[in-house]
Amino acid sequence: MGNIVVNAVGDQCPVPVVKATRALREMTEPGTLEIHVDNEIAVQNLTRMAAGHKLTARSERLSEKEFVVSMEVTDPAGEVPLEEPPLVCAPDARGNLVIAVESAVMGRGSDELGKVLMKGFLFAAGQLPELPKAMLFYNGGARLTCKGSDSLEDLKNLEAQGVEILTCGTCLNHYGLTEELAVGGVTNMYAIVEKLAAAGKVVKP
């Protein structure tokens, strides 16, 4: 496997994308291209770059000022263009949408189907042209941000792109999940009401 790590911490747009594109060209066998950056905008631009090359990508916040974007390269020769596309420093992709998640399942009827639908919904939220500003998890939805959730990778990807992931602390305590939170931060009802009231649009799956 040809795994390559690119350090773009401290680099401003379009340098992280330039470095990633050059590293992608150098890959001669399948592997993972990993780019380290220090801001959400770089994560968003690298995620767009991966989509442009039809590569599967995931991102994660390692600390307050370090993020990593990983791209899975299965066919380097076939997926790397001969010429670099024009590079554009895109603005922040986050809009004023807030997603409020009150359950670990989506819809009524079959809970088994509801879990599948919710996982698909959270993945799709990360593919929107304009990302949510925040995602709020409360009541049964609190389980989705905790260890064992099938959606952790999708939520970490959203968080790395600057989406605020917040879970109700009272709900975590009620379900005995206070020590199990695996992505985002803990919030309270006052903050939840503030986020909802200030949102341009609220979506509840």
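In the predicted model, Gln 44 is in contact with Pro 91, Asp 92, Ala 93, Arg 94, Leu 131 and Gln 161, when its neighbours within four places in sequence are left aside. Gln 44 belongs to helix H2. Its relative accessibility is 2%, and the residue therefore counts as buried, the cut-off being under 20%.

Helix H2, which spans residues 40-52, packs on a sheet and touches strands S2, S3 and S4. The direction of H2 makes about 5 degrees with that of S4. The sheet itself is open and consists of four strands in the order S1-S2-S4-S3, with mixed pairing. Strand S1 (4-7) and strand S3 (56-63) form the edges, each pairing on one side only. From one strand to the next, the twist averages 20 degrees. Within this sheet, seven bridges connect strand S2 (residues 31-37) with strand S4 (residues 66-73) in the antiparallel sense. Gly 31 has Val 73 of S4 as its bridge partner. A further helix, H5 (residues 152-160), also packs on the sheet, where it touches S3 and S4. Its direction makes about 70 degrees with that of S3.

In soluble globular proteins, nonpolar side chains tend to be buried together. The largest nonpolar core of the model has 21 residues. Those with the most contacts inside this core are Leu 24, Leu 33, Ile 35, Val 37, Leu 46, Met 49 and Met 71. At least two residues of the core come from each of helix H1 (15-26), S2, H2 and S4. The contribution of H2, five residues, is the most that any element gives. Around Met 49, contacts are made with Val 17, Ala 20, Thr 21, Leu 24 and Met 71, not counting residues up to four places away in sequence. Another core, of 18 residues, lies apart from the largest one; among its members are Ala 93, Ile 99, Leu 122 and Leu 158.

Helix H5 was examined residue by residue. Seven of its nine residues are buried, so the helix is largely enclosed by the rest of the structure. The buried residues are Leu 152, Asp 154, Leu 155, Asn 157, Leu 158, Glu 159 and Ala 160. Leu 158 is also a member of the core of 18 residues. The elements against which the buried residues of H5 pack are H2, S3, S4, helix H4 (111-125), S6 and strand S7 (164-168). After H5 comes Gly 162, which has a positive phi near 100 degrees.

Strand S6 (residues 134-137) is covered on both faces. Ala 134 and Leu 136 are buried on one side, and Met 135 and Phe 137 are buried on the other. Strand S5 (residues 97-101) runs parallel to S6 and is joined to it by four bridges. In one of the pairings between these strands, Ile 99 has Met 135 of S6 as its bridge partner.

As to aromatic rings, the structure holds zero aromatic pairs. A ring does, however, take part in an arrangement with a charged group: the charged end of Arg 143 sits over the ring of Tyr 175, at 4.4 Å from its centre.

Key. Residues numbered from 1 in each chain as written. Predicted model: local features only at pLDDT ≥ 70, side-chain atom pairs only at ≥ 80, totals over all residues. Heavy atoms only, no water. Pairing = 2+ DSSP bridges. Axes fitted to C-alpha atoms, helices over the stretch in contact; angles between N-to-C directions. Contact = heavy atoms within 4.5 Å. Core = buried A, V, L, I, M, F, W, Y, C linked by side-chain atoms within 4.5 Å. Buried < 20%, exposed > 50% of the residue type's maximum accessible area, 1.4 Å probe, protein only. Phe/Tyr/Trp six-rings, centres within 6.5 Å; stacked < 30°, edge-to-face > 60°. Lys NZ or Arg CZ within 6 Å of the ring centre and 35° of its normal.
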